[in-house]
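Me: I have a model open and would like to go through the terms used for it. Could you set each one against its cut-offs for me?

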Amino acid sequence: DRDVTGVQTCALPISCSRGIAGLAYAVAVAPSDPRTVYAGAGPNGFFRSTDRGETWSILVTQDLNVNGIMSLAVDPTRPEVVFAGTDAGVFQSLDRGVTWRHLGPLEPVYDVAVDPGTPSTIYAAASTGALRSMDGGTTWTHVWPREGPDLWVRHLTVSPARPSDVYLTTSSGLFASADRGDSWTQIPYPSGEPYRVTVDPQRPSTLYVLEDRALKKSTDGGLTWTAAGDSLPTTGFLITAVVDPVRPDTVYCATWNNVFRSTDGAATWAAVGAGLEGKILSDLALEHSETATLHVSTFTGVFELTELPPPPDGEYLTTRAFPGFQFKVLITAPGQEGVVGRVEPNCPAQTLCVSGNVRRRTDVRIQVDGGRLDGPFTVKVTRFTDSQVEVWVERLATGDRRYYRLDAVSTAR
């Protein structure tokens, strides 16, 4: 009279294809409610999740009559307020993407940003320069360039820790403002064309600048620069970078076909986007609560990569069925501490069987199968009481890990 229902999740450095299918150009997390994630899609399309990307709603509205959303920003204190930079200007939704209104200007906007200290101040990187609204989008003024011909602004970045600092990457170089756009200074920049600026949320003088195929870093606000992407691939364009707000030496960088992580301030990088093969990436957003979750928008959907939770103490389990791998299993029943699983004998060939004694309940038994040693494992519960089962799998040769979580619950047939 019972069934097992479960969700298999993967973890960095292994990604999983949890998310939503469909063309997505941009993705953003609500700063005041990390459960709320938005993604901008193609014509008239918008995606919304209220459970950190586990499930999604597809919102189609004629209010957002555009060919595509190129950027998204969320009000820092009101998660229901969303701004979209589109080919027809800036649009705003006050109800989590259900309805929209056009704020202006009447030109393509490639990037939109909200001042984290003064949410009524909004910036737009447009085809004619940088614009600013100080009244929530009712009126707009050009803040760069102030004179001369219009110049295209590629991207605009507001410093999270020091909102008065604003950065522009433009067709004529890299510019910075220390007074919310009232005045600008061109930052001397070495060879290369700056494409996008990322500011460390804890150390506002630390900047990362992406070029098409290179990454540079400054720790003094742009006075000096060093190469920071030597171990990044040069075969794909760099899309964006984000810095972990809790661990500032951890930086994530998205290229057009993968995601890379550095844990030493961009000195070295490792790919963490397994499962994104064949996808064309468009944007990246980071949400950090208990663990880090990356939301990746692609031309075929939105994907989530979740950092691996730490395994329980104790020795790993090994089996002849899977040479070169080791396992840990944690079984947690409601109201009880987790129980570390032990290997069960008399298991079918090419299978690992693990069980755990849950106090005053039926023992929980799981079975791990794998079709290929370099492919995914299948985890199923074959004897259980209501519980959560977590499985950590580590490849001994490389240290790569996978993580599986299943919720075993009673269901009526």
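Me: What makes the largest pocket a pocket, and how much space lies in it?
Reply: About 1,600 Å³ of space lies in the largest pocket. On a 1 Å grid over the protein atoms alone, a pocket is an open set of points with protein on both sides within 12 Å along at least five of seven lines, whereas a cavity is a set where a 1.4 Å probe fits but cannot get out. The volume is the space filled by probe spheres set on the points, which are joined across faces, edges and corners. Please keep in mind that this is a predicted model: local features need pLDDT of at least 70 and side-chain atom pairs pLDDT 80 or more, while totals for chains, interfaces and linings use all residues. Residues are numbered from 1 along each chain as its sequence is written, and side-chain values use heavy atoms, with hydrogens and water left out.

Me: Which residues line the largest pocket, and what makes a residue part of the lining?
Reply: A lining residue has an atom within 4 Å of a point. The lining has 50 residues, and Val-27, Leu-72, Arg-196, Val-242 and Leu-284 lie nearest the centre of the pocket. Among the elements giving two or more residues are β3 (24-29), β7 (69-74) and β27 (281-288); strands such as these are DSSP runs of E with at least two residues, numbered from the N terminus. The largest share, seven residues, comes from β27.

Me: How do the residues of this lining divide into nonpolar, polar and charged?
Reply: There are 35 nonpolar, eight polar and seven charged residues. Ala, Val, Leu, Ile, Met, Phe, Trp, Tyr, Cys and Pro count as nonpolar, Asp, Glu, Lys and Arg as charged, and the others, Gly among them, as polar.

Me: Why is the contact between Asp-165 and Arg-162 called a salt bridge?
Reply: A salt bridge needs a side-chain nitrogen of Lys or Arg within 4 Å of a carboxyl oxygen of Asp or Glu. The N to O distance for Asp-165 and Arg-162 is 2.7 Å, so the pair qualifies. Arg-78 and Asp-75 also form one, with their closest N and O atoms 3.5 Å apart.

Me: What does the salt bridge between Arg-203 and Asp-249 tie together?
Reply: The closest N and O atoms of Arg-203 and Asp-249 are 3.1 Å apart. Arg-203 lies in the loop between β19 and β20 (207-210) and Asp-249 in the loop between β23 and β24, so the pair ties together parts that are 46 residues apart in sequence.

Me: Why is Pro-149 called exposed?
Reply: Its relative accessibility is 62%, so Pro-149 counts as exposed. Pro-149 sits in the loop between β14 (141-144) and β15.

Me: Is Ala-266 buried or exposed, and where is it found?
Reply: Ala-266 counts as buried because its relative accessibility is 1%. Ala-266 is in the loop between β25 and β26 (270-271), and has a positive phi of about 80 degrees although it is not a glycine.

How values were computed: Helix = DSSP H or I, 4+ residues; strand = E, 2+ residues; numbered from the N terminus. Buried < 20%, exposed > 50% of the residue type's maximum accessible area, 1.4 Å probe, protein only.
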